[in-house]
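Dear colleague,

I am passing the structure below on to you, together with some notes on what was found in it. Please look through the sequence and the model before reading further.

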Amino acid sequence: MMAPISSPFTHNNNSVRKVMLNVQLAALPALFTHIYFFGFGITIQWTLAMFTLIAVETLMLKLRSRPVWPYLTDFSGLITVTGLVFCIPPEAPWWIIVTGITFAIIFGKHLYGGLGYNPFNPAMLGFAFLLISFPYEMTQWTLPTQVSGHFLSFMDSFNLIFTGHIHTIPLDQITGATPLDEVKTALSTGVPVPVTLEGESFNRFRIPYGWAAVNIAFFIGGIWMLMSRSIRWQYPAGFLITMIILSATFNWFDPENYAPVRFHLLTGGLMLAAFFIITDPVTSSTTPLGRFIYASGIAVLVYVIRNWGGFPEGIAFAVLIMNMFVPFIDQYTQPRVVGYRK
């Protein structure tokens with residue numbers, strides 16, 4: 001006679017493959033928006049990243065004597081691709097994305113034992129490696145079409161990525177500083193934030209062309225992931241609430257030197273981080289309160305680095321630093337066991 005199936009067993013339809021596919025679907029609005037404003041460079045980078053991912057994963061799995069097909073088809077590497085391709089300049093040299101993905105997969109994943117054992121977010125580890133190792137290539141960002149007046153075709157982007165130049169458009173007309181870098185550089189020369197926000201990179205609402213739309217697209221995709229329960233709400237809530245409070249407070253005290261809330265929310269990779277990066281279940285906190293604290297800590301570090309650090313964007317470094325605190329956070333935020341009596 002079979003024993004009845006009862007608690008404490010729970011069942012759900014989630015799997016690594018399903019969650020990763022949901023993440024890719026949620027990123028599609030941002031991908032199409034990115035193409036509209038910045039051209040087709042990201043599609044080439046995405047393709048290069050996928051081929052590199054498959055090659056490196058296959059090699060590492062064979063070296064570790066692991067079956068290749070089951071690990072490749074769980075699609076866990078796709079989140080690394082998504083996180084990294086949106087963080088690098090779309091017309092960066094081809095070897096940038098190849099190097100970044102290779103470093104992320106080897107040093108961020110397989111050297112620790114593979115999926116589920118890595119303490120650091122692989123995508124942010126690869127991004128930080130690129131920022132430190134190749135600062136020049138990582139700062140040559142393609143300007144939005146509305147700013148440069150040029151829309152890069154697929155072949156234009158292909159030539160830039162693989163040869164470093166195109167014959168139809170001068171390179172200095174289509175590349176420039178990001179809004180974050182533009183504000184930071186202006187402040188260092190004594191130009192206040194309100195004056196910078198009236199520049200050609202910003203529209204009449206003082207939000208940056210291209211970057212704002214991509215962040216809004218990530219927000220829409222993130223809401224869909226919340227509704228499909230692919231991610232936990234504590235991550236984006238803790239991250240965005242903390243960022244709003246910090247940016248609103250400093251801007252209220254000194255609007256000349258600190259950018260408003262809308263600037264911080266709609267520039268850089270803030271919404272990418274809020275819904276796609278910090279939500280990584282392997283490298284983040286596992287308790288409900290811990291997730292909120294973890295996300296809030298990342299927001300604090302991002303704001304500190306953006307305003308007083310040596311880099312215009314601080315997401316990669318903030319995530320990696322908070323990854324180190326996850327065991328500590330989990331230890332002190334364990335929920336009370338049901339039936340516990342003091």
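Two remarks on the source belong here. This is a predicted model, in which local features need pLDDT of at least 70 and side-chain atom pairs count only at pLDDT 80 or more, while totals for chains, interfaces and linings use all residues. Residues are numbered from 1 along each chain as its sequence is written, and side-chain values use heavy atoms, with hydrogens and water left out.

E57 lies in helix α2, which covers residues 41-63; helices (H or I, at least four residues) and strands (E, at least two) are DSSP runs numbered from the N terminus. Leaving aside residues up to four places away in sequence, E57 touches L72, G77, I105, K109 and H110, a contact being heavy atoms within 4.5 Å. Between the C-alpha atoms of E57 and Y71, which are 14 residues apart along the chain, the separation is 8.5 Å.

As for the whole protein, its secondary structure comes to 16 helices and two strands. Its radius of gyration is 21 Å, close to the 20 Å that the globule rule gives for 342 residues, so the protein is as compact as a globular protein of that length; the radius is taken over C-alpha atoms, and the rule is 2.2 Å times the number of residues to the power 0.38. Of the 342 residues, 51% count as buried.

The structure also holds 24 aromatic pairs, which are rings of Phe, Tyr and Trp (its six-membered ring) with centres within 6.5 Å, counted as stacked when the planes are under 30 degrees apart, edge-to-face when over 60 and tilted for the rest. The rings of W46 and F86 have centres 5.8 Å apart and planes at 85 degrees, so this pair is edge-to-face. It links distant parts of the chain, 40 residues apart, with W46 in helix α2 and F86 in the loop between α4 (78-85) and α5 (94-108), and both W46 and F86 are buried. Finally, W95, F103, F107, F129 and F134 form one aromatic cluster.

With kind regards

Notes. Buried < 20%, exposed > 50% of the residue type's maximum accessible area, 1.4 Å probe, protein only.
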